[in-house]
Amino acid sequence: MRKISIIGAGFIGATTAFAIQQKGLVRELVITDINQEKALGEVLDLTHGSSLSSPCYVTLGTIEDTKDSDIIIITAGVGQKPGETRLDLIDKNYKIFKSFVPDLARLSPNAILLVVTNPVDVLSYITYKLSGFPKNRVIGSGTVLDTTRLRSLLGKYFGIDGRSVQGFVLGEHGDSEFVTWSSLTIGNIKVQDFSNQFNIEWDTETEKVIAEDVKNAAYEVIKRKGATAFSVAAVLSRIVEALTKDEKTILTVSTLLENYKGVSDVYLSVPTIVGKNGVEKVLDIELSEKEKEKFIASANLMKEYIEKVNNE
């Protein structure tokens, strides 16, 4: 893949561009924003350090300049303010998306659209509808970040490398998300057994506290610095890497579900194989009865908001 376009040059758009550039994932990177002066500043800043990384031609552009992109990362929109939930942003960001998504689809009919703007699950569904693209080529960043936060927190709690944690956060990227505690392992050892080996306290209350910390992580960052950026950029560059290198890696991206645990016609995060075609395959994961209930509740909540948008 030779060309990636980033729509939105705010905190996330700019740091994502930097992460992609540093990883050497693409030859051409186009950045566009309604505030072209801000976008130009980011382009200049990225260009000034470009000789220290793999060749990547970074340019300022308009929507028209995204033509023939292989991947388009959508970060544009209104961000969360302290005290707001992701779902509070739907109406504002829906209007913004209607103004450019059809043009992106027209200009790059073979692109993969990677949606980041919150509420990402609802806006991924809206992008799927507005673009007319097949479902595999419209992806939301989903709970990849939440899963990363979970692994990092568990790694810190147990004093191990977080990459040794195998487990997921599924459902909405938001307040109805949940941790798959029933199947979570550390080095292929059930978390309860692992904690017993090291005499570390572990019970349902501990699970609850960690799950709440994962869910509220963004709020804590936003309260202190105004927006999340570095961790999101790390996640997005990881998804892009899986796409550009056709890795067939498993990530909890948000994707359109069809009769998944009885859920259809809604975007939610589940374990998904990601490769050059976008969503290669959605994987069926075993859930406890309680986790199934949480998954259905998350789906129903997303459908409520989708219905509100459809009725406008």
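Which residue stands opposite valine 165 in strand 10?

View 1. Isoleucine 186 of strand 10 stands opposite valine 165. This is a predicted model, in which local features need pLDDT of at least 70 and side-chain atom pairs count only at pLDDT 80 or more, whereas totals for chains, interfaces and linings use all residues. Residues are numbered from 1 along each chain as its sequence is written, and side-chain values use heavy atoms, without hydrogens and water. The sheet is antiparallel, with the strand order 7-10-11. Strand 7 (165–166) and strand 11 (189–190) are at the edges with a single partner strand each, so one side of each has no neighbour in the sheet. Two bridges join strand 7 to strand 10 (residues 185–186). Strands (E, at least two residues) and helices (H or I, at least four) are DSSP runs numbered from the N terminus; pairing requires at least two DSSP bridges between two strands.

**View 2. The largest pocket.** Its volume is about 870 Å³, the space filled by probe spheres set on grid points joined across faces, edges and corners. A pocket is an open set of points on a 1 Å grid over the protein atoms alone where a 1.4 Å probe fits, with protein on both sides within 12 Å along at least five of seven lines; lining residues have an atom within 4 Å of a point. Of the 38 lining residues, Thr75, Ala76, Gly77, Gly79 and Thr117 lie nearest the centre.

**View 3. The second largest pocket.** This pocket, of about 440 Å³, is lined by 19 residues. Helix 8 (204–215) gives the most, with seven residues.
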